[in-house]
Amino acid sequence: MDKVAEILVEASAEVVEPRFRALAAGEVMEKAPGEVVTVADREAEVIIARRLRELLPLPVVGEEAVAADPALALALHSEPAVWLVDPVDGTSNFIAGRPEYAVMVSLVRAGETVASWIWQPSTATSYTAELGSGAWRDGHRLTRSPAAADPGKWRGAVKSRFLDPDRRRLVEANTSAFGEITAGRHAAGIEYPDVAEGALDFILYWRTLPWDHAPGSLLVTEAGGVSARLDATPYRPEAPGCEDGLLVAADPATWERTREILLTR
């Protein structure tokens, strides 16, 4: 666990942090309509992938490699184990000079996330989680307390961008039942720790790219929370294209009540 954490810190220091608020002309590109990437994303992924393979020689499913060759994501289903890499999570924040970005890795075995690492460079904070062994922040165990009984006191984030119009209207109308709702912080590597540590009580996602959600889902569940599809199936990392919603919450009761409130007409 410590060696992977060191890889993230070192790669971030080498090629990500030096470019924070210092991106030169030509170092930001569009990799798909509405999707941007930076030189820092690409260089960090190469470094992290190489060092992970040296540590444990497994296929690497990286966000930027998959952008170039989508077939690489099929290794999540065809290989016994893979590394998942998100070299700069929250790229739009990084480009805008906002500190909410992270560097993330997960280890997936037989389709299940068994270990994860999140490095937040701007605060020098490291989160780790191991299946069955707990969640940690800088070496200190994380245990998520249940949310308050009254939904009117809950703080949540609703990521409605990828919802179909009818469902978006329904969900957004129902958010008035909660105490405070935001659109999130545009970086899963920031938002999931917010749930694990109590800054948020729930998050509703729709698009669930595996490198975005595998690390934080394990962190939250190992801290005592829930990360599950809207049919209550526990989250498992899947190749891009699975966009059937994901609800993350502080505890099982909060998860059930949030789903009921958000999706009831």
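Trainee: Which residues is Leu-84 in contact with, leaving aside its neighbours within four places in sequence?

Mentor: In this predicted model, where contact means heavy atoms within 4.5 Å, Leu-84 is in contact with Val-61, Leu-76, Met-104, Val-105, Ser-106, Val-108, Pro-210, Trp-211, Ala-214 and Pro-237. Local features need pLDDT of at least 70, side-chain atom pairs count only at pLDDT 80 or more, and totals for chains, interfaces and linings use all residues. Residues are numbered from 1 along each chain as its sequence is written, and side-chain values use heavy atoms, with hydrogens and water left out.

Trainee: What makes a group of residues a nonpolar core, and which residues touch the most other members of the largest one?

Mentor: The term stands for buried Ala, Val, Leu, Ile, Met, Phe, Trp, Tyr and Cys residues joined through side-chain atoms within 4.5 Å, where buried means under 20% relative accessible area, exposed over 50% and partly exposed in between, with a 1.4 Å probe and protein chains only. The largest such core has 34 residues, and those that touch the most other members are Val-61, Leu-84, Leu-142, Tyr-192, Tyr-205, Leu-219 and Val-248. Among the elements that give two or more residues to this core are strand S4 (81-89), strand S5 (102-109) and helix H8 (210-222), and H8 gives the most, with five residues. Helices (H or I, at least four residues) and strands (E, at least two) are DSSP runs, numbered from the N terminus.

Trainee: Why does Arg-19 count as buried?

Mentor: Its relative accessibility is 17%, and the cut-off for buried is under 20%, so Arg-19 counts as buried. Arg-19 lies in the loop between helix H1 (2-16) and strand S1 (28-32), and its side chain makes a polar contact, at 3.5 Å, with the side chain of Glu-27. A polar contact is a pair of N or O atoms within 3.5 Å; within protein, one must be able to donate a hydrogen and the other to accept it, and residues adjacent in sequence count only if both atoms are side-chain atoms.

Trainee: Why is strand S6 called largely enclosed by the rest of the structure?

Mentor: Eight of the nine residues of S6 (residues 112-120) are buried, so the strand is largely enclosed.

Trainee: How do you know that S5 and S6 pair?

Mentor: Two strands pair if DSSP finds at least two bridges between them, and seven bridges join S5 to S6, which run antiparallel.
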